Amino acid sequence: MLNRLSLSYNDISVKVRTDIYNALPNKPYCSNSKRYTIIRSKYYAQDKPYIQINNPNLKRYLIVDIDESDAYSTLLDSRLPQPTYISINRVNGHLQCAWKLRDAVSTSYNSRVSPMKFLAAIDAAYNYRLNGDTSFGDCLAKNPLHEHWYNEYYDTEYTLHELADYVDLSEKDASNIAANDDVSGLGRNNTVFDIARKKAYEMVRKAVSKPLFQSWQSDILASCESLNKQFSIPMQHNEVKNIARSIARYTFKMWAQFVHNMDNFRAVQAVRGAIGGKRGSNKALSGAKGGAKSKRRGSIKKECLLSKVLAMKSQYYNHRAIAEDLNISASTVSLWLKAARS
């Protein structure tokens with residue numbers, strides 16, 4: 001790989017290493033080997049040969065793992081853009097290379113789906129071009145800050161479109177892989193994420209009462225693990241766990257809004273039911289509600305309806321909706337509410 005920049009290689013190394021460290025999760029997974037993982041602050045995790053590069057809900061680096069003795073030659077012959085860093089196993093020549101994304105792709109629940117799918121398609125195409133390890137998940141990668149590996153650094157970053165320019169996503173070998181969601185880690189991640197979150201939404205709507213968070217997260221994790229087992233090459237448990245945690249946290253917050261909406265619905269229905277009952281059983285009160293039609297004016301109408309106006313306003317109904325429901329004018333609603341606030 002050629003240095004196309006005017007900076008010295010030492011300056012580039014310092015800059016890239018600083019960027020990598022700053023982008024690490026605050027408490028990443030890390031390990032001395034691939035057989036187990038622990039969670040530590042990134043200050044201590046940087047001293048481990050294996051580390052979690054990307055945040056669970058934010059992809060800053062596209063990482064490909066090449067398990068070949070001549071992996072470096074494969075990378076050189078790939079006609080792909082220059083990676084941001086390369087970490088090479090000094091013993092067997094296997095390597096991992098990563099491309100820094102100029103704009104990190106969010107993979108959380110409230111994120112846009114199209115950038116995630118675009119990145120997954122690029123990831124699948126790059127893995128195909130480099131004959132990458134399809135079982136690799138970047139939850140635990142070679143630590144480019146550790147001297148256990150031979151590391152090369154290049155101050156490069158790319159947009160998704162710039163990365164896509166080097167591969168043809170419409171080719172059979174690329175588009176089918178991305179569509180199957182069964183080759184690259186990002187593809188499997190997106191599939192589990194998308195299906196599990198929809199199931200979680202249904203669980204929120206159907207549940208009778210709000211559960212404890214731990215039991216809720218356990219149910220989401222079981223759903224994610226069930227989906228992961230359907231892949232020919234399942235993701236690592238930590239990756240599935242991160243997806244389940246993200247889904248559980250977001251949907252658990254939905255309960256408060258869901259309960260609030262249901263309370264509003266019941267309150268409004270109660271007001272409407274009371275109005276309907278009075279309309280059928282007491283023509284005097286019905287006339288007070290529909291005073292605009294019966295042309296009754298004065299304090300009786302206001303006293304009967306003001307409490308309903310205040311109740312519906314507390315449920316965040318706008319003036320027009322209150323006016324239509326109580327059969328009065330929107331200007332009257334505004335005047336009554338203004339008087340009530342003064």
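1. R197 belongs to helix α7, which spans residues 185–206. In this predicted model, R197 counts as buried, because its relative accessibility is 15% and the cut-off for burial is under 20%.

2. Q82 is located in the loop that joins α3 (71–76) to β5 (85–88). Is Q82 buried or exposed? With a relative accessible area of 12%, Q82 is buried. Between Q82 and Y153 the sequence separation is 71 residues, while their C-alpha atoms are 9.9 Å apart in space.

3. The loop between α3 and β5 also contains R79. R79 is exposed, its relative accessible area being 63%. The backbone of R79 deserves attention: its phi is positive, at about 60°, although R79 is not a glycine. As background, most residues other than glycine have a negative phi.

4. Two further positions have a positive phi. N131, in the loop between α4 (113–130) and β7 (141–142), has a phi of about 55° and is not a glycine. N327, which follows α13, has a positive phi near 60°.

5. The packing of α13 against α14 is the next topic. Helix α13 covers residues 319–326 and helix α14 covers residues 330–341; their axes come within 8 Å and cross at roughly 110°. The two helices are therefore roughly perpendicular to each other, since angles of 65 to 115 degrees fall in that class. The crossing of α13 and α14 is right-handed.

6. Which residues make the contact between α13 and α14? On the α13 side they are H319, I322 and A323, and on the α14 side A330, V333, S334 and L337. By residue class, this contact comprises five nonpolar residues, two polar residues and no charged ones.

7. I322, A323 and L326 are the buried residues of α13. These residues lie on the same side of α13, because the arc they cover around the axis is only 100°. Of the buried residues, I322 and A323 are also listed among the α13 residues that contact α14. The face turned away from the buried side of α13 carries R320 and E324, both exposed.

8. The C-alpha atoms of R320 and A330 are separated by 5.3 Å, although the residues are ten positions apart along the chain. A330 is one of the α14 residues in the contact with α13.

9. Finally, the chain as a whole. The chain contains 14 helices and eight strands. Its length is 342 residues, of which 45% count as buried. Among contacts with a separation of 6 or more, 71% are between residues 24 or more positions apart.

Methods
Residues are numbered from 1 along each chain as its sequence is written. This is a predicted model: local features need pLDDT of at least 70, side-chain atom pairs count only at pLDDT 80 or more; totals for chains, interfaces and linings use all residues. Side-chain values use heavy atoms; hydrogens and water are left out. Axes are lines fitted to C-alpha atoms, for helices over the stretch in contact, and angles run from 0 to 180 degrees between N-to-C directions. Helices (H or I, at least four residues) and strands (E, at least two) are DSSP runs, numbered from the N terminus. Angles under 35 degrees count as roughly parallel, over 145 as roughly antiparallel, 65 to 115 as roughly perpendicular and the rest as oblique. A crossing is left-handed if the near helix is turned anticlockwise from the far one by less than a right angle, and right-handed if clockwise. Contact means heavy atoms within 4.5 Å. Ala, Val, Leu, Ile, Met, Phe, Trp, Tyr, Cys and Pro count as nonpolar, Asp, Glu, Lys and Arg as charged, and the others, Gly among them, as polar. Buried means under 20% relative accessible area, exposed over 50%, partly exposed in between (1.4 Å probe, protein chains only). The arc is that of the directions from the helix axis to the C-beta atoms.
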